[in-house]
Amino acid sequence: MPERAASPKLYWAIGAVPLAAGLIVLPHLLSFSQQEILVLLTINVLLVCSYRLLTLTGEWSLAHAVIMGIGAYSSALAAKQLGLPVPLSMLVGAGAAGFIAFLLSFPLLRMKGFYFLIGSFAAGEIIRLIWKWSELTWLFGGPKGIKLIPPFPDIEVFSIDFYDPANYYYLCLIVVTISLVILYRIEHSRIGLTFHAIHWQDKLAQSVGVNTFRYRMLAFVVSAFFAGLAGALYAHYVGTVNPNRFGVEEMVYILIWAIVGGTATFYGPILGVVVLTVLNEVVLRALNIDQMRPMLYGAILIVSILFLPQGLESVVPKIKGWLAQRRQKRAIAKPPSEAEQPAK
Amino acid sequence: MTTKFALSLVNRRDFLLTTAAATVMAGVSMPKITFAADKVVKIGFLAPLTGEVAAWGKPGLDGCSIWADWVNADGGIKIGDDAYKVEFVAYDDEYDPGKARTGAVKLIKEDGVKFVMMLGGDPWPGVSPVSDKEKMLFSTLLPSDLTPETKLLVAPCEVHPIYNVTGVEWLAENKPDLKTAVIVAQDDSLGKPSVATYLAAFEAAGIKVLGDPIFFDPATTDFAPIMSKMLALKPDIICLDTCYADYVHPLTEQAFQQGFKGQMISCTADFYPKMVEKTSKEFMEGFIFQFPDFDDPALNAEHVNFRKPNDFFQEYVKRFGEGEWSAVSWEYASIMDLWSDAAGRAGTTDPEKVLEAMQVGGTGKQAFGEAKWWGKELFGIDNALVGLWPVVVIEDGKARIKEFKSIPAWWDKHKALMIKHMEALNQMYYQRS
């Protein structure tokens with residue numbers, strides 16, 4: 001009877017157990033400051049994965065950092081001004097980001113490619129100017145932004161204090177895991193396939209009855225919802241938001257994480273944000289070369305783009321191929337055992 | 001030939017392994033440089049060391065390294081019965097509140113610092129919960145961070161932007177024929193309170209501000225249209241507010257290129273020799289700002305508390321170059337003078353006890369003279385040390401102190417104006433969200 005090949009789902013399940021165990025144990029292996037970095041990294045994983053959902057339709061936005069800011073500002077205001085519980089405020093923040101994206105999609109999604117890119121940048125800058133506008137300082141705090149944002153409430157029954165980065169990391173881990181599962185399911189559903197179709201053959205998709213505007217809008221709104229959620233997680237942890245925090249520099253980082261990681265696979269941007277954050281915040285900082293750090297970071301980016309034009313994600317199939325080749329070579333080199341030898 | 005011979009004896013892998021092992025062994029076996037007194041007190045330096053605001057972080061750290069070398073060479077600081085060497089531990093917060101929080105946690109919980117100096121501004125609200133939870137004393141150069149809640153935050157050196165009133169007051173006294181001004185500033189947390197201060201100072205001095213202050217986005221790179229807009233109003237005075245060095249330089253160049261012949265005033269003129277190079281000595285003659293070079297003979301006045309300012313400047317120039325001297329080169333060092341004095345008097349490095357010792361009697365030795373702990377009306381808390389501040393003017397390409405003027409004296413006369421303009425720009429502590 002031929003041996004039945006294990007299904008990919010089984011491989012995933014087997015791989016997920018040590019991964020989950022590793023993620024749970026991780027904060028206990030790190031120093032205090034590394035735990036802080038881990039919290040921000042986890043939030044950024046959600047941010048960059050939400051960005052990838054939009055790129056599935058072929059559009060690259062320059063407003064994603066600002067949309068994260070909408071989530072952060074809205075959640076902060078809901079908790080501080082309206083007195084809503086923080087968990088509910090976070091959902092309000094995410095919802096507000098999704099709603100603003102819905103409104104923006106009417107003018108922006110009439111454009112495509114480069115024009116969409118520039119349009120999204122302009123829209124983002126308008127929102128940032130509104131946050132800074134002196135007439136609205138009473139609401140958004142002007143250039144200084146909003147301070148003393150209520151933190152996530154402690155769970156006193158279990159003595160869980162969310163000031164502790166390890167505890168906040170677990171909260172983020174739960175939220176981000178659920179979000180990533182949703183994003184993954186969307187991508188692998190019929191909707192996700194339609195996003196891909198719009199990316200590669202939008203005219204063909206239209207010709208078979210796909211409303212490309214609606215699907216692009218859906219991708220924009222869903223990606224904004226999760227970017228807003230990332231912003232809300234950030235706001236209630238750091239306790240402050242200001243317009244500069246969600247400016248061009250942050251947007252450039254999102255683009256770098258996505259490009260260096262690669263956007264062809266679900267894990268590409270995750271690889272990008274994890275590798276580059278560890279490199280920048282842990283490795284380069286440990287070298288005590290503060291003023292040289294941006295230069296080295298830039299050099300590493302150039303090298304990675306030169307030698308890995310398909311992103312870090314392209315390393316994974318290469319490693320898989322190399323391992324398979326090695327296994328094959330070993331199997332050929334190995335002499336057959338006596339039992340396997342044909343009877344004389 | 002030699003190379004070929006060497007390669008024949010040692011292959012590349014062996015050579016690399018041997019070199020790496022030798023390096024590691026050298027690192028392990030070399031004795032670490034230690035001081036006679038092994039007790040060390042660590043001080044945190046949490047400021048932007050990279051990015052556009054780095055000019056107000058890195059030169060300060062450089063100044064601290066001189067301060068530490070001098071103090072340690074003198075045997076360290078005496079706290080209780082022991083002498084402590086001082087060691088600075090720096091963390092680049094990149095002017096980002098999230099990174100500043102990470103840095104504060106690292107400095108306090110991993111490096112064991114006893115006091116943290118910050119530039120302040122945007123990063124402070126991210127650090128504030130850490131200060132509260134860990135009961136750590138922080139200092140800021142920007143007192144607009146102060147609120148009634150910031151009990152463990154002090155502004156013991158620079159009371160930005162209030163000292164800017166001294167420059168305008170001196171200008172009005174010495175050049176009474178100048179009657180109109182325009183103000184330009186970047187639209188951020190440093191620019192706005194500074195604009196309110198200049199508006200109050202100009203009004204108090206009887207100088208009319210033409211049009212509304214011009215706020216530009218911090219991402220601006222082309223300053224030609226901004227300067228054209230200002231010059232169109234034909235002002236006697238161009239006020240560059242508290243623009244960062246990256247803005248002061250191009251704005252000044254634009255003023256020069258577009259033929260401005262009037263008076264310029266600015267909070268800072270960091271790296272001004274470069275501005276003189278790019279424009280001319282004649283153009284820069286009379287440029288007023290607030291931060292002296294410390295080789296100025298006026299700093300040897302009896303009321304100045306900063307130790308050996310001229311020697312400090314010479315040492316700074318020797319180590320880092322004259323062009324690297326900036327507004328903050330001496331400021332963090334002067335805060336260390338205050339902290340070490342207070343820790344010595346408290347006999348402990350406990351942050352709350354050091355703060356208590358620092359504020360005893362309601363006065364303190366600020367760099368330029370005896371000063372008082374002040375700020376209740378403007379910041380809601382008396383955690384800013386205010387006294388004399390120098391007015392600096394560029395003469396023949398060199399910055400020179402013209403006069404030390406009293407900030408409290410101006411405040412007593414004109415505080416209503418200041419509060420009016422601060423309120424108009426939503427900058428009072430009770431208006432900041």
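Where in chain B is B:P161 found? In the loop between strand 6 and helix 6 (164-174) of chain B. I start there for its peptide bond. B:H160 and B:P161 are joined by a cis peptide bond, with omega about 0°. Most peptide bonds are trans.

One caution before I go on. This is a predicted model.

Stay with that loop for a moment. B:H160 and B:P161 both touch B:T242. B:T242 sits in another loop, the one between strand 10 (237-239) and helix 9 (245-257) of chain B. Is B:T242 buried or exposed? Buried, because 26 other C-beta atoms lie within 10 Å, and the cut-off for buried is 20 or more. Take B:C267. B:C267 is 25 residues from B:T242 along the chain, yet their C-alpha atoms are separated by 5.1 Å.

Now the sheet in chain B. Six strands make an open sheet, in the order 2-3-1-4-5-6, with mixed pairing. Strands 2 and 6 of chain B are the edges; each has a single partner strand, so one side of each lacks a neighbour in the sheet.

Walk through the pairs. Strand 2 (residues 77-79) and strand 3 of chain B are antiparallel, joined by 3 bridges. B:I79 stands opposite B:D82 of strand 3. The hairpin these two strands form has 2 residues between the strands, and B:G80 there takes a positive phi near 65°.

Next, strand 1 (residues 40-47) and strand 3 (residues 82-92) of chain B. These run parallel, over 8 bridges. B:K42 has B:E87 in strand 3 as its bridge partner.

At the other end, strand 5 (residues 138-139) and strand 6 of chain B pair in the parallel sense, with 2 bridges. Here B:S139 stands opposite B:V154 of strand 6. Helix 4 of chain B packs on the sheet and touches strand 1, strand 3 and strand 4 (116-118). The direction of helix 4 makes about 180° with that of strand 1 of chain B.

Helix 4 of chain B also turns up at the contact with chain A. That contact takes 29 residues from chain B and 29 residues from chain A. On the chain B side, helix 4 (97-110) and helix 5 (124-134) each supply at least two residues. Which helix gives the most? Helix 4 of chain B, with 8 residues. By class, the chain B side has 8 nonpolar, 8 polar and 13 charged residues.

Over to chain A. How many helices and strands are there in chain A? There are 14 helices and 0 strands. Its C-alpha atoms fill a box of roughly 95 × 55 × 45 Å along the principal axes. Of its 344 residues, 40% count as buried. Take the contacts in chain A with a separation of 6 or more: 74% of them are between residues 24 or more positions apart.

One helix from chain A. Helix 4 (residues 86-108) has 23 residues. It reaches 32 Å from its first C-alpha to its last, close to the 33 Å expected. The buried residues of helix 4 of chain A include A:M90, A:A97, A:I100 and A:L104. Their cover includes helix 3 (64-80), helix 5 (113-132) and helix 10 (212-238) of chain A.

Compare a helix from chain B. In helix 14 (residues 351-359), the buried residues are B:P351, B:V354, B:L355 and B:M358. Down the helix axis they fall within an arc of 100°, so they line one face of the helix. An α-helix has 3.6 residues a turn, so residues three or four places apart point the same way. Strand 6 (153-154), helix 13 (331-346) and strand 13 (363-366) of chain B are among what covers them. Just after helix 14 of chain B comes B:G361, with a positive phi of about 80°.

Last, two backbone points for discussion. Most residues other than glycine have a negative phi. B:K135 has a positive phi, near 55°. B:K135 lies in the loop between helix 5 and strand 5 of chain B, and counts as exposed, with 12 C-beta neighbours inside 10 Å. B:F271 also has a positive phi, near 55°. B:F271 is in the loop between strand 11 (263-265) and helix 10 (272-278) of chain B. B:F271 is partly exposed, with 19 other C-beta atoms within 10 Å.

Definitions and conventions. Residues numbered from 1 in each chain as written. Chains lettered and ligands numbered in written order. Predicted model: local features only at pLDDT ≥ 70, side-chain atom pairs only at ≥ 80, totals over all residues. Contact = placed C-beta atoms within 7 Å. Helix = DSSP H or I, 4+ residues; strand = E, 2+ residues; numbered from the N terminus. Nonpolar A, V, L, I, M, F, W, Y, C, P; charged D, E, K, R; others polar. Arc of directions from axis to C-beta. Pairing = 2+ DSSP bridges. Expected span 1.5 Å × (residues − 1). Axes fitted to C-alpha atoms, helices over the stretch in contact; angles between N-to-C directions.
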